[in-house]
Amino acid sequence: MGFPVYWMVTTSFKPKGDILSTNPTIIPRSFSFNNYVEAVTKEGFLRALINSVIVVFFTVIISLFVALFASIAVARMKFRGKRTYVASILLVQMLPLAALLIPLYLLLSKLNLTDKLAGVILTYIAFVLPFVIWTLRGFLMNIPVELEEAALVDGCTRPQAYRRVLFPLMAPGLVATAIFAFIQAWNEFLLAYILLSSQDNATMPIWLAGFTNRFGTDWGPLMAASTITAIPVVIFFSLIQDRIATGITAGAVKG
Amino acid sequence: MSLGVVGQSVARKTNIWPYLLIAPSFVALGLILGFPVYKLITLSFERYGLTEIIAGAGVFVGLGNYREILWDPQFWLILRRTIFFTAGMVSVSILVGGLLAHLMIKMHPVIRRILNAILILVWAMPQLVSISVWRWMFSFDFSIVTATINSLGFEMDNHNYFVNTFSGFMIIGGCVAWGALPFISISIYAALTQVPKDLIEAAEIDGANSRQVFRNITFPILLPVYIILISLSIIWDFQVFSHIWIFLESRPSADYYTMAIYAFQKSFGLSEYGKGAAISLVMILALVGVTGYYLRQMMRMGDE
């Protein structure tokens, strides 16, 4: 189960001679940082890292803001059309991304947003929104309405009640969903591959795909680069894993 | 009578807030998801190639694209291949994931924590990272899998696993299923821990045997979780693109075409966007039936 991860990390620390060997050993014989040096000095690493950070940052911030508003409406208010709105959120979540590539590409090229990070950010926001709204709604439902009502009775306006009472209580939920959006935006490959054509705009997954060219694949540096790409996700993932798993299935279990 | 009217208009006034709150998300989803779906539908009835891109408008051809696709034997071959491939990945990942979850419940807590940590680690692997590692494990030169098979006494020397499409799809599907396992087994494990212990004890005191306990208590609680996981897996696995694309170095042969790759090649490869759109729409429609149950289940949660 864990072997591929083990094999990635150990390969990344092996010297070239041990990697290009017809008798690979499960337990590494020697140790070297060369692959990492080669990976980070490979053309485009810094650019890809910066691009990924930009994309992730804006995706997370904007989607969280937009979703926070929407989730308050869905979890706390009654309004006409709510059922349709909720249904459409769940529905779009199931749209196969691969099937939408064509119109998305044509739309963004008409808006002059292909090969621009802004175009990718915009699509990422839309793609993480349904899940983020749905999850925030779940967190909100677990906070008793009485707390806000008490604040209103004590003379707070509604925005004040949200800011002083609701948001602090929601902080853990916001952090968890922010990390979820982070992971999605950091990992996404297909959309970025279609929308970003120039190397200057490559994100980390695109950069990783670039290790294979006509002449083959440089496995050692690729494994080092893969390890580097995975590390932030591993760190953030271990922080939220239990929340995401229970969040998705809890409702189904309750029936 | 008049009082009722006043009450209504007050209610309508206070009701503007929720619409303001959902407006931004509505605009974003409408622009990036809603409009493309609409565009996909209209495109599928148009001839839209390089000339039309430059002209900025497609030429209406009615059902022409659909007729051409549905009359093409390659389409049916690819559809069948995609269904088999999806069925294989879904069943393997659900069976192994379920098995792992049921084992985890019975495990010693220390071993369970170790297994859990490994699952999280696998779960955290970005798609491109896991594809890269699997490609390395099954590469033509210096592959650890080939070396292991050789050391067991089977002489393979260098072996290209992708010449044979069956072994190729096995490896690609294995990589997909491996990536999906953690989510599946952790979800089922979470559901298993929700099965109330006192309920089982009470049933046992009343004389129920273990099969009856499973049939009447555990199974009804687990069923919706399994159904949701199976629906989600079908949605995800049916549209697998990046795995096939990268395993075959961005130029898969026609033997490796699945629906997603086929639609992509038709549009971005051959610049026949209308036909690509028609294929994509067939893909969405094929998934609608399967996902119907999932949607209903989620809607029930939305009503709470």
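Hi everyone, let's start with chain A, whose secondary structure comes to 12 helices and 2 strands. Here helices (H or I, at least four residues) and strands (E, at least two) are DSSP runs, numbered from the N terminus. Before going on, a word on the source: this is a predicted model, where local features need pLDDT of at least 70, side-chain atom pairs count only at pLDDT 80 or more, and totals for chains, interfaces and linings use all residues. Residues are numbered from 1 along each chain as its sequence is written, chains are lettered from A and ligands numbered from 1 in the order in which they are written, and side-chain values use heavy atoms, with hydrogens and water left out.

Back to chain A. Reading from the N terminus, its elements go α-α-α-α-α-α-α-α-α-α-α-β-β-α. Its C-alpha trace spans about 75 × 45 × 35 Å along the principal axes. Of its 255 residues, 54% count as buried. Buried means under 20% relative accessible area, exposed means over 50%, and partly exposed is in between, with a 1.4 Å probe and protein chains only.

Helix α5 of chain A covers residues 82-93, 12 residues in total, and reaches 17 Å from its first C-alpha to its last, close to the 16 Å expected at 1.5 Å a residue. That expected span is 1.5 Å times one less than the number of residues. Which residues of α5(A) are buried? They are A:Tyr85, A:Val86, A:Ile89, A:Leu90 and A:Val92.

Now to chain B, which has 14 helices and 2 strands. Its radius of gyration is 25 Å, well over the 19 Å that the globule rule gives for 304 residues, so chain B is more spread out than a compact globule. The radius is taken over C-alpha atoms, and the rule is 2.2 Å times the number of residues to the power 0.38. The C-alpha trace of chain B spans about 75 × 60 × 30 Å along its principal axes, and buried residues make up 49% of the 304.

A few residues of chain B are worth a stop. Most residues other than glycine have a negative phi. B:Phe142, however, has a positive phi of about 55° although it is not a glycine. B:Phe142 sits in the loop between α7 (127-137) and α8 (144-151) of chain B, and at 25% relative accessibility it counts as partly exposed. B:Glu249 also has a positive phi of about 55° without being a glycine. Its place is the loop between α12 (242-247) and α13 of chain B, and with 32% relative accessibility B:Glu249 counts as partly exposed.

Is B:Ser44 buried or exposed? B:Ser44 is buried, with a relative accessible area of 0%, and it is found in the loop between α2 (16-43) and β1 (46-47) of chain B. Its C-alpha atom is separated by 52 Å from that of B:Lys106, 62 residues apart along the chain.

B:Gln265 belongs to helix α13 (residues 259-269) of chain B and counts as buried at 17% relative accessibility. From B:Gln265 to B:Arg300, 35 residues apart along the chain, the C-alpha separation is 39 Å.
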